[in-house]
Amino acid sequence: MFINVLTQVIILFILILLGVLLAKIKMLDDATVKGMTEVVLTFVTPCVIIKSFVREFNEALLKGLLISVAAAFVSHIGFILVSTLLLRHKNISKQKVLLYGAVFSNCGFMSLPLQQVLLGDEGVFFAASYIAIFNVFVWTYGILVMSGDKKYMTPKKLILNPGIIGVIIGVMIFILSIPVPKVIYEPVSYIAALNTPIPMIIIGYHLAHSSLLDGLKEIKCILAIILKLFVYPLAALGIMYLCGIRGNLLISLAISCSAPVAANTTMFASKFGGDTSLSVNMVSLSTLLSLISMPIVVTLAQQIA
């Protein structure tokens with residue numbers, strides 16, 4: 001497990017370093033990165049969700065799916081409440097990033113490979129349901145926090161946004177066993193594969209214009225990372241255990257909860273005027289520290305599952 005986590009962290013940082021290089025040699029500029037951000041948020045994200053739900057219907061999986069959805073929903077509510085109490089900041093652009101980064105994890109790239117290695121397809125399926133709820137909150141609470149504009153919370157915008165549309169389509173495909181022809185599935189799969197490299201390159205671009213040392217100087221940044229990597233996943237694990245969740249489902253949820261700060265924190269910060277330097281520091285530092293935190297949380301989950 002340690003090697004698996006280490007491998008994912010190294011892969012992430014190689015891609016981030018590519019973004020740094022492209023920024024240094026002037027191959028990327030602000031306009032290009034803004035366009036890449038829009039592509040990821042508008043097209044890549046829903047394809048990731050839809051691809052996760054393209055599988056044969058199974059009642060046992062459906063039961064696990066519903067439990068996973070409930071656990072993910074309650075966990076995010078808890079993360080939001082605690083973050084709101086502990087991460088207030090006089091600088092609004094910083095507060096946006098702190099609140100968003102503490103709540104949302106990189107549950108796609110960082111957790112899915114571990115799910116596959118440790119739990120197989122079942123783990124990936126449960127993780128897909130967590131990612132679906134993650135996206136529901138990203139495109140509701142996340143948008144509200146980052147934009148600071150309630151116009152994004154209108155019923156029309158809540159439903160007609162890429163993340164929610166992806167969840168609706170994915171759930172319908174799974175529950176109704178809708179066949180997805182190869183001519184459709186393959187393009188969706190190819191687009192979903194962009195969910196790892198592009199966000200990391202975007203983070204690298206912004207990292208080239210900031211410093212990790214700045215993150216260490218920001219006390220609230222360190223607090224947010226500690227909450228994200230240790231406090232929240234361990235608390236969620238304990239509560240889920242007390243609620244009777246066991247087996248692979250418990251381990252899968254622990255892996256998803258323990259992932260570092262979401263890569264799209266930087267993309268949303270860039271899009272809505274958040275502190276991009278702080279977001280880059282949070283993503284980079286938490287990813288590096290997840291080398292320690294994720295093995296601790298996941299090993300504990302395996303022991304009690």
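This is a predicted model: local features need pLDDT of at least 70, side-chain atom pairs count only at pLDDT 80 or more; totals for chains, interfaces and linings use all residues.

Biologist: How many salt bridges does the structure hold?
Modeller: There are three.

Biologist: Why is the pair Lys-271 and Glu-38 called a salt bridge?
Modeller: The closest N and O atoms are 2.6 Å apart. The cut-off is within 4 Å, for a side-chain nitrogen of Lys or Arg and a carboxyl oxygen of Asp or Glu. Therefore the pair counts as a salt bridge.

Biologist: What does that pair tie together?
Modeller: Lys-271 lies in helix α14 (residues 264-272), and Glu-38 in helix α2 (residues 30-53). So the bridge joins parts that are 233 residues apart in sequence.

Biologist: Are these two residues buried, exposed or in between?
Modeller: Lys-271 has a relative accessible area of 37%. Glu-38 has 29% relative accessibility. Buried needs under 20%, and exposed needs over 50%. Therefore Lys-271 is partly exposed, and Glu-38 is partly exposed.

Biologist: What makes Lys-94 and Glu-218 a salt bridge?
Modeller: Their N to O distance is 3.9 Å. That is within 4 Å, so the pair qualifies.

Biologist: Where do Lys-94 and Glu-218 sit in the chain?
Modeller: Lys-94 is in helix α4 (residues 92-103). Glu-218 is in the loop between α11 (212-217) and α12 (219-242). They are 124 residues apart.

Biologist: Which residue forms a salt bridge with Asp-275?
Modeller: Lys-94, with the closest N and O atoms 3.0 Å apart. Asp-275 lies in the loop between α14 and α15 (276-304), so this pair ties together parts that are 181 residues apart in sequence.

Biologist: What links Lys-94, Glu-218 and Asp-275?
Modeller: A network of salt bridges. Lys-94 pairs with Glu-218 and with Asp-275.

Biologist: Are Lys-94 and Asp-275 buried or exposed?
Modeller: Both are buried. Glu-218 is buried too. That label stands for under 20% relative accessible area.

Biologist: Which residues make the nonpolar surface patch?
Modeller: Among them are Ile-159, Leu-160, Met-172 and Ile-178. The patch area is about 780 Å². Helix α8 (residues 162-175) gives the largest share, five residues.

Terms used:
Residues are numbered from 1 along each chain as its sequence is written. Side-chain values use heavy atoms; hydrogens and water are left out. Helices (H or I, at least four residues) and strands (E, at least two) are DSSP runs, numbered from the N terminus. Buried means under 20% relative accessible area, exposed over 50%, partly exposed in between (1.4 Å probe, protein chains only). Patches are made of residues with over 30% relative accessible area and no salt bridge: like charges are joined within 9 Å, nonpolar side chains (Val, Leu, Ile, Met, Phe, Trp, Tyr) within 5 Å. Accessible areas come from the Shrake-Rupley method with a 1.4 Å probe; for residues, only the protein chains shown count as cover.
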